[in-house]
Structure formats: structure tokens, C-alpha cells
Amino acid sequence: MSRRMNIQKTVTIIAASVGFVYICGCQSSGGKTEDREAGKEAAGARVSLDTSGMVLVAGGTFLMGNDEFTDARPVHEVTVSSFYIDRTEVTNAEFARFVEATGYKTVAERPLNPADYPGVPADKLVPGSAVFTPPAHEVSLDNPLQWWTYVPGASWKQPEGPGSNLEGRENHPVVHVCYEDADAYARWAGKRLPTEAEWEWAAQGGQGNRPYYWGEELKPGGKWAGNIFQGAFPHGNSLEDGFAATAPVATFKSNAYGIYDMEGNVWEWCSDFYRPDYFAKSEKVNPGGPGDSFDPDEPGAVKRVQKGGSFLCSDEYCIRYKAGSRGKGEVTSGSNNLGFRCVAAVR
Ligand SMILES: [Ca+2]
């Protein structure tokens with residue numbers, strides 16, 4: 001972990017009193033110290049691959065990207081090999097089985113290392129995660145701290161912090177998972193995280209590069225086709241799609257491959273490092289991302305790609321739920337609108 005990132009986290013923690021900012025996959029900062037021992041423990045407890053909840057996606061060549069977004073240009077031709085992909089985002093019930101089998105502790109649950117946060121008072125270094133906490137009134141959209149709160153004790157099993165739990169949410173996507181948490185689960189399951197190209201090819205469902213993974217229109221047939229945000233962001237969620245936060249996976253119609261929630265619900269980690277210029281130089285066959293990450297918005301922060309948007313995306317604030325767009329996230333940061341799904345090799 002770089003000194004530069006530590007400073008950046010420190011500043012953010014002080015700025016937010018207790019926490020960090022995670023902005024809808026469009027930007028993020030801050031996070032926790034890594035606990036490599038916990039990761040190793042989980043990696044050793046591997047189970048055999050079960051593809052029953054997965055779809056076999058035949059390889060192919062497609063147009064990747066979206067010229068509407070500077071970091072998703074140019075639209076370019078990519079070929080990927082066949083792979084299996086989870087039909088749904090990884091659920092709380094699935095993640096609970098992993099934790100039960102391995103004793104894995106997510107980054108949000110681990111103590112913060114004071115060495116990573118020089119100058120931050122010890123009483124501020126409390127494990128937790130970022131929770132969307134909308135204000136009661138209209139706010140300017142230039143300061144995400146108005147709707148993101150670092151909640152001590154928030155984690156995958158207490159999504160809104162102490163007092164909250166997963167009761168009735170077993171089939172919702174797991175949230176508050178940072179990159180190494182998602183990667184540890186994937187390895188335990190005999191799977192891995194998708195490359196961005198695999199994810200996008202699966203999301204297109206063989207239908208080509210359209211404005212939305214679900215089709216040409218925002219509301220096909222006048223109905224919302226995924227769990228995003230309707231109303232005035234962030235205070236006035238009109239709930240037209242029926243959900244203020246996560247929805248049970250597979251609530252909305254699948255794509256043509258039988259894959260659910262590739263647009264909306266929760267952002268999903270991909271294995272590629274994030275660089276805004278990558279699509280201009282991407283390999284053409286099975287691209288796996290650049291060798292390192294760089295985000296001019298937050299130089300020094302290590303970021304990976306996230307895809308698909310979340311229940312907080314809307315045309316008013318963050319349109320990165322649209323097909324071919326890209327999100328990005330600092331690798332040690334989670335939030336209650338960020339999850340993942342896995343892929344596996346075809347044997
Ligand atoms: Ca999703």
C-alpha cells in the first residue's frame with residue numbers, strides 16, 4: 001500500500017469525520033488496511049467448482065465500450081473465449097456459506113491499522129463501511145458526503161450498521177465487499193472475478209452494443225427493466241421500480257443468456273485494473289486490463305473496474321448503468337451498493 005494512498009485515506013477520514021466516500025462507482029476513495037492473513041486462510045479452503053448457478057457463455061467477437069463516456073472510448077472490437085458466469089450477483093446466503101466454511105473476515109470488519117492513517121485520532125479508526133444515507137431535502141450534487149456516511153460497524157452482515165441484519169435479505173446481493181473480499185470468495189468457490197471484457201460480452205447477451213444491456217429504450221414497454229434510481233437524486237426516490245436499495249437478485253427480467261441484473265442493483269467488481277485510456281490500447285483477444293491502475297481524479301489510489309451501475313444510478317446523477325460504460329473503485333473500499341459475481345473456466 002503506497003504512502004500516497006495512506007495520506008489520501010487520512011485526508012478523507014478527517015474530512016468525513018469517520019470515513020470515506022464511495023460515489024456510485026464513478027469515483028471513490030479511502031478504505032481499510034489489508035489483512036493478508038485472513039485472505040490466505042480463505043484461499044486455502046477451496047471447494048470444487050459448482051456450475052449449477054452459472055451460464056455457459058460461448059466465446060465471440062463484439063463491439064465493446066461506449067463513445068458517450070470519455071473513459072469508454074473508442075468502441076472497439078474484442079474477442080473473448082467461452083466461460084461460465086454466475087446467473088446472478090453473489091447473494092448474502094451464498095456469501096454466508098463461504099464465511100461459515102472459512103471463517104473469513106471482510107475488510108470492513110477488520111481493525112484499521114493506525115500506521116495506514118498517520119495523524120488520525122485512534123477513536124476515529126473504527127471498522128465500518130459507507131452507507132447511502134439520503135438527506136431529507138434537495139442538495140447540490142457536487143459533494144457526495146451529503147448522501148454517503150461512513151457507518152462504524154457496517155459490513156456485509158450489518159448492511160446499515162449495528163442493529164441491522166440480513167433477515168429477509170438472504171437472496172439480496174451481498175454488499176460492503178471490497179476487491180479482496182470478492183476475490184477470496186471467488187477462489188474459495190473455484191471461480192474467479194470476470195475480466196471487464198467477459199463481463200460486457202455476457203451483459204450484451206448476444207444482442208450487440210445497444211444503449212442499454214436490456215435494449216434500445218430506457219423503459220421498454222413503459223416498465224423499468226432494472227433496479228436503478230427514479231426521482232430526484234438523492235433525496236426524492238420515487239420508488240417507481242419498487243426498490244429503495246437492493247432488490248432480491250433476479251427480480252427483473254434476465255437478458256437473452258439468462259443472466260440477471262447486469263444493469264443496476266449493485267455494482268460488480270471486475271478483475272481489470274482501471275485506467276481511463278485503456279480502451280485505446282486494449283488487446284484484441286481476451287483482454288485482461290492494463291498492468292497497473294491510474295485514475296487522474298485520484299492519482300495514487302489503486303482502482304479496479306466495476307460494471308453495471310447500481311440502485312443509485314439515474315439519468316440525473318450517474319448514468320454509468322448504461323451499456324458499455326465503466327465504473328471504478330478503490331480496491332479496499334466497499335459500500336452498500338457494491339457487490340460482485342464470478343466466472344469460471346470451461347474445462
Ligand atoms: Ca448488477
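**Entry 1: a strand pair**

Which residue in S8 is the bridge partner of Ala 130? I looked, and the partner of Ala 130 is Tyr 150. Strand S7 (residues 128–132) and strand S8 pair in the antiparallel sense over five bridges. I took strands (E, at least two residues) and helices (H or I, at least four residues) as DSSP runs, numbered from the N terminus, and I called two strands paired if DSSP finds at least two bridges between them. S8 (residues 148–152) is mostly covered, with four of its five residues buried. My rule for burial is that a residue is buried if 20 or more other C-beta atoms lie within 10 Å of its own, exposed if 12 or fewer, and partly exposed in between, with C-beta atoms placed from the backbone.

**Entry 2: what I am working with**

This is a predicted model, where local features need pLDDT of at least 70 and side-chain atom pairs count only at pLDDT 80 or more, while totals for chains, interfaces and linings use all residues. Residues are numbered from 1 along each chain as its sequence is written. The pLDDT, the predictor's confidence in each residue from 0 to 100, averages 88 over the protein chain, and 87% of the residues score at least 70. Over residues 1–42 the pLDDT is below 50, yet this stretch has 119 contacts in the model beyond near neighbours in sequence. I count two residues as in contact if their C-beta atoms, placed from the backbone, lie within 7 Å.

**Entry 3: the whole chain**

I found five helices and 15 strands in the protein chain. Buried residues make up 51% of its 347 residues. Of the contacts with a separation of 6 or more, 74% are between residues 24 or more positions apart.

**Entry 4: the core**

Which residues have the most contacts inside the largest nonpolar core? They are Ile 85, Val 177, Ala 182, Tyr 185, Leu 193, Ala 202 and Cys 342, in a core of 76 residues. The largest share of this core, six residues, comes from H4. A nonpolar core here is a set of buried Ala, Val, Leu, Ile, Met, Phe, Trp, Tyr and Cys residues joined through C-beta atoms within 7 Å. As background, nonpolar side chains tend to be buried together in soluble globular proteins.

I checked helix H3 (residues 92–102) and found Asn 92, Glu 94, Phe 95 and Phe 98 buried. They sit on the same side of H3 because they cover an arc of only 165° around the axis, taking the arc from the directions that run from the helix axis to the C-beta atoms. What covers them includes helix H4 (179–188). After H3 comes Gly 103, with a positive phi near 75°.

Helix H5 (residues 196–204) is mostly covered, with nine of its nine residues buried. Among them are Glu 196, Trp 199, Trp 201 and Gln 204. Gly 205 follows H5, and its phi is positive, near 60°.

**Entry 5: an open sheet**

Four strands form an open sheet of mixed pairing, in the order S13-S12-S11-S14. S13 (327–330) and S14 (338–339) stand at the edges with a single partner strand each, so one side of each is left without a neighbour in the sheet. S11 (residues 267–273) and S14 run parallel and are joined by two bridges. Glu 268 has Gly 339 in S14 as its bridge partner.

Most residues other than glycine have a negative phi, and most peptide bonds are trans, so I went through the exceptions.

- Arg 73 and Pro 74 are joined by a cis peptide bond with omega about -10°; Pro 74 lies in the loop between S4 (60–64) and S5 (76–80).
- Phe 233 and Pro 234 are joined by a cis peptide bond with omega about 0°; Pro 234 lies in the loop between S9 (231–232) and S10 (236–237).
- Leu 239, in the loop between S10 and S11, has a positive phi near 60°. Leu 239 counts as exposed because it has 11 C-beta neighbours inside 10 Å.
- Asn 286, in the loop between S11 and S12 (303–307), has a positive phi of about 45°. Asn 286 is partly exposed, with 14 other C-beta atoms within 10 Å.
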